[in-house]
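Welcome! Take a moment with the sequence and the structure, and then we can walk through a few places together.

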Amino acid sequence: MQVRRVVTGEDANGKAVFVEDAVVEGRSPALLSGTVFHQLWGSDGQVALPSDGTQPAWSRFFPPADGFRFLIWSAAPETSSLPEGLDFGAAVTELQELLPGLADFNEPDNPGMHTTQTVDLDLVLQGEIWLELDDGEEVLLGPGDCVIQNGTRHAWHNRSSEPATMLSVLVGADRR
């Protein structure tokens, strides 16, 4: 999927202007064979307005308490396999370089299951995907379905033969 990002801002006179119109390249780490992430925008803190349209500073996949992330991602079917002869150590390093912090919240003994300190606003754009919670309870989601994920332990499963594409906004939160 090609994802185009158009960014607006304000010039020195306070006039709204277009400051960017470009394709955002997807990131597809070998360790997540066939899964693609288009990281579109984010901030590690509250955004001040007016803005000239410069992207705020952010560095890790998941935002801190005052931050947010905006992305489109496509989950490969679970039948996808890792590339032949994959160097696992190099693949873990690549994952950390391409998507810093993505793996930090995943449970090693239960692949895919994770809990983050975010409120996730998810919308299925294409395909179908299953959302699994703590006790194995699941719901099937399709195009137009949305989920408000309130920092709960969960996993995503694409049990179809086609990619599932989702739009996600991750809003940092405090876990007390």
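## Around W156

Leaving aside neighbours within four places in sequence, W156 is in contact with W73, E78, H114, D122, I129, W130, L131, L141, V147 and M166. Please keep in mind that this is a predicted model.

W156 also belongs to the largest nonpolar core, which has 20 residues. Together with F37, F61, W73, L102, I129 and L141, W156 is among the residues that touch the most other members of that core.

Next comes a sheet. Three strands form an open sheet in the order β7-β6-β9, and their pairing is antiparallel. At its edges are β7 (138-141) and β9 (154-157), each of which pairs on one side only. From one strand to the next, the twist averages 20 degrees. Between β6 and β7, which run antiparallel, there are four bridges. L131 has V139 in β7 as its bridge partner.

Now let us visit another residue, R5, in strand β1 (residues 3-10). Is R5 buried or exposed? R5 counts as buried because its relative accessibility is 16%, and the cut-off for buried is under 20%. The side chain of R5 makes a polar contact of 2.9 Å with the side chain of E20. Not counting residues up to four places away in sequence, R5 touches E20, D21, A22, V24, Q39, L40, W41 and Q55.

How values were computed:
Residues are numbered from 1 along each chain as its sequence is written. This is a predicted model: local features need pLDDT of at least 70, side-chain atom pairs count only at pLDDT 80 or more; totals for chains, interfaces and linings use all residues. Side-chain values use heavy atoms; hydrogens and water are left out. Helices (H or I, at least four residues) and strands (E, at least two) are DSSP runs, numbered from the N terminus. Buried means under 20% relative accessible area, exposed over 50%, partly exposed in between (1.4 Å probe, protein chains only). A polar contact is a pair of N or O atoms within 3.5 Å; within protein, one must be able to donate a hydrogen and the other to accept it, and residues adjacent in sequence count only if both atoms are side-chain atoms. Contact means heavy atoms within 4.5 Å. A nonpolar core is a set of buried Ala, Val, Leu, Ile, Met, Phe, Trp, Tyr and Cys residues joined through side-chain atoms within 4.5 Å. Two strands pair if DSSP finds at least two bridges between them. Axes are lines fitted to C-alpha atoms, for helices over the stretch in contact, and angles run from 0 to 180 degrees between N-to-C directions.
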